[in-house]
Amino acid sequence: QVQLVESGGGLVQAGGSLRLSCAASGRTFSSYAMGWFRQAPGKEREFVAAISWTFGRTFYADSVKGRFTISRDNTANTVLLQMNSLKAEDTAVYYCAAGVYSSSPDTYNYWGQGTQVTVSS
(Lines give C-alpha, C1' and ligand atoms only; values in the text may rest on other atoms or scores of the structure.)
Protein backbone atom coordinates (compact mmCIF):
# COMPACT_ATOMS: atom_id res chain seq x y z
CA GLN A 1 0.00 0.00 0.00
CA VAL A 2 1.11 3.53 -0.80
CA GLN A 3 -0.48 6.68 0.57
CA LEU A 4 0.12 9.93 -1.30
CA VAL A 5 -0.30 13.52 -0.13
CA GLU A 6 0.25 16.48 -2.48
CA SER A 7 1.17 20.00 -1.45
CA GLY A 8 2.47 23.20 -2.99
CA GLY A 9 -0.48 24.31 -5.06
CA GLY A 10 -1.75 27.86 -5.06
CA LEU A 11 -2.43 30.99 -7.06
CA VAL A 12 0.28 32.36 -9.32
CA GLN A 13 0.44 34.86 -12.16
CA ALA A 14 1.09 33.72 -15.68
CA GLY A 15 4.81 33.31 -16.26
CA GLY A 16 5.43 32.40 -12.64
CA SER A 17 6.54 29.17 -11.03
CA LEU A 18 5.28 26.66 -8.50
CA ARG A 19 6.73 23.49 -7.10
CA LEU A 20 4.41 20.66 -6.20
CA SER A 21 5.45 17.99 -3.76
CA CYS A 22 4.03 14.54 -3.22
CA ALA A 23 4.88 12.76 0.00
CA ALA A 24 4.47 9.01 -0.06
CA SER A 25 4.20 6.56 2.78
CA GLY A 26 4.51 2.84 2.45
CA ARG A 27 7.45 0.51 2.34
CA THR A 28 7.30 -0.10 -1.41
CA PHE A 29 7.34 3.49 -2.68
CA SER A 30 10.57 3.00 -4.60
CA SER A 31 9.06 0.08 -6.51
CA TYR A 32 6.52 2.26 -8.31
CA ALA A 33 6.73 4.68 -11.14
CA MET A 34 5.29 8.05 -10.17
CA GLY A 35 3.13 10.26 -12.29
CA TRP A 36 1.50 13.66 -12.17
CA PHE A 37 -1.89 14.19 -13.72
CA ARG A 38 -4.23 17.16 -13.77
CA GLN A 39 -7.91 17.79 -14.21
CA ALA A 40 -9.49 21.08 -15.13
CA PRO A 41 -13.21 21.76 -14.57
CA GLY A 42 -15.34 20.00 -17.14
CA LYS A 43 -12.37 18.13 -18.61
CA GLU A 44 -10.99 14.64 -18.28
CA ARG A 45 -7.95 13.87 -16.18
CA GLU A 46 -4.84 14.27 -18.32
CA PHE A 47 -1.27 13.11 -18.07
CA VAL A 48 1.40 15.64 -17.16
CA ALA A 49 4.65 13.80 -16.40
CA ALA A 50 6.02 10.47 -15.17
CA ILE A 51 9.24 9.16 -13.70
CA SER A 52 10.33 5.53 -13.50
CA TRP A 53 11.47 3.88 -10.31
CA THR A 54 14.77 2.75 -11.81
CA PHE A 55 17.19 5.12 -13.52
CA GLY A 56 14.78 8.02 -13.16
CA ARG A 57 13.55 7.93 -16.73
CA THR A 58 11.08 10.70 -17.40
CA PHE A 59 8.59 11.74 -20.00
CA TYR A 60 6.18 14.60 -20.36
CA ALA A 61 3.03 15.67 -22.07
CA ASP A 62 3.80 17.89 -25.06
CA SER A 63 1.90 20.73 -23.43
CA VAL A 64 4.37 20.96 -20.53
CA LYS A 65 7.61 19.78 -22.11
CA GLY A 66 10.40 22.27 -21.50
CA ARG A 67 8.46 24.02 -18.72
CA PHE A 68 7.85 21.30 -16.12
CA THR A 69 10.36 18.97 -14.48
CA ILE A 70 9.55 15.84 -12.52
CA SER A 71 12.00 14.38 -10.02
CA ARG A 72 11.98 11.88 -7.18
CA ASP A 73 13.90 11.14 -4.03
CA ASN A 74 13.40 7.53 -3.06
CA THR A 75 15.17 7.95 0.28
CA ALA A 76 12.78 10.76 1.21
CA ASN A 77 9.75 9.10 -0.42
CA THR A 78 9.00 12.28 -2.32
CA VAL A 79 8.26 13.21 -5.90
CA LEU A 80 8.39 16.81 -7.09
CA LEU A 81 6.95 18.69 -10.02
CA GLN A 82 8.70 21.96 -10.76
CA MET A 83 6.46 24.11 -12.93
CA ASN A 84 7.91 27.14 -14.68
CA SER A 85 6.51 29.61 -17.21
CA LEU A 86 3.00 28.80 -16.08
CA LYS A 87 0.08 29.58 -18.34
CA ALA A 88 -3.60 30.10 -17.64
CA GLU A 89 -4.32 26.75 -19.31
CA ASP A 90 -2.24 25.01 -16.64
CA THR A 91 -4.99 25.77 -14.14
CA ALA A 92 -6.27 22.48 -12.73
CA VAL A 93 -6.26 20.16 -9.78
CA TYR A 94 -2.96 18.29 -9.85
CA TYR A 95 -2.74 14.70 -8.65
CA CYS A 96 0.25 12.49 -8.02
CA ALA A 97 -0.08 8.79 -8.57
CA ALA A 98 1.94 5.61 -8.10
CA GLY A 99 1.83 2.69 -10.48
CA VAL A 100 3.23 1.53 -13.79
CA TYR A 101 5.34 3.89 -15.88
CA SER A 102 2.95 5.20 -18.53
CA SER A 103 0.79 8.15 -19.50
CA SER A 104 -2.45 6.30 -18.88
CA PRO A 105 -4.17 6.93 -15.55
CA ASP A 106 -5.50 3.37 -15.72
CA THR A 107 -2.04 1.98 -14.94
CA TYR A 108 -1.70 3.88 -11.66
CA ASN A 109 -3.02 2.13 -8.57
CA TYR A 110 -2.65 4.84 -5.93
CA TRP A 111 -3.69 8.48 -6.02
CA GLY A 112 -3.38 11.51 -3.83
CA GLN A 113 -6.24 13.84 -2.99
CA GLY A 114 -5.04 16.57 -5.35
CA THR A 115 -3.82 20.14 -4.99
CA GLN A 116 -5.29 23.15 -6.79
CA VAL A 117 -3.12 25.20 -9.12
CA THR A 118 -4.60 28.44 -10.42
CA VAL A 119 -2.74 30.60 -12.93
CA SER A 120 -4.09 34.09 -13.43
CA SER A 121 -3.61 35.74 -16.81
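**Strands and salt bridges**

Visitor: How many helices and strands are in the chain?
Guide: This is a predicted model. The chain has 0 helices and 11 strands.

Visitor: And how compact is the chain?
Guide: As compact as a globular protein of that length, because its radius of gyration is 13 Å, close to the 14 Å that the globule rule gives for 121 residues. The C-alpha atoms fill a box of roughly 40 × 25 × 25 Å along the principal axes.

Visitor: What share of the residues is buried?
Guide: Buried residues make up 42% of the 121.

Visitor: New topic. How many salt bridges are there?
Guide: The count is 4. One of them pairs arginine 38 with glutamate 46, with the closest N and O atoms 2.6 Å apart.

Visitor: Are those two buried or exposed?
Guide: Arginine 38 counts as buried, because its relative accessibility is 5% and the cut-off for buried is under 20%. Glutamate 46, at 36%, counts as partly exposed.

Visitor: Which aspartate forms a salt bridge with arginine 38?
Guide: Aspartate 90, with the closest N and O atoms 2.9 Å apart. Aspartate 90 lies in the loop between strands E8 and E9, and arginine 38 in strand E4, so the pair ties together parts that are 52 residues apart in sequence. Aspartate 90 is buried too, like arginine 38.

Visitor: Which residues do shared partners join into one network?
Guide: Arg38, Glu46, Arg67 and Asp90.

Visitor: What about lysine 65?
Guide: Lysine 65 forms a salt bridge with aspartate 62, with the closest N and O atoms 3.1 Å apart. Both lysine 65 and aspartate 62 are exposed.

Methods
Residues are numbered from 1 along each chain as its sequence is written. This is a predicted model: local features need pLDDT of at least 70, side-chain atom pairs count only at pLDDT 80 or more; totals for chains, interfaces and linings use all residues. Side-chain values use heavy atoms; hydrogens and water are left out. Helices (H or I, at least four residues) and strands (E, at least two) are DSSP runs, numbered from the N terminus. The radius of gyration is taken over C-alpha atoms; the globule rule is 2.2 Å times the number of residues to the power 0.38. Buried means under 20% relative accessible area, exposed over 50%, partly exposed in between (1.4 Å probe, protein chains only). A salt bridge is a side-chain nitrogen of Lys or Arg within 4 Å of a carboxyl oxygen of Asp or Glu.
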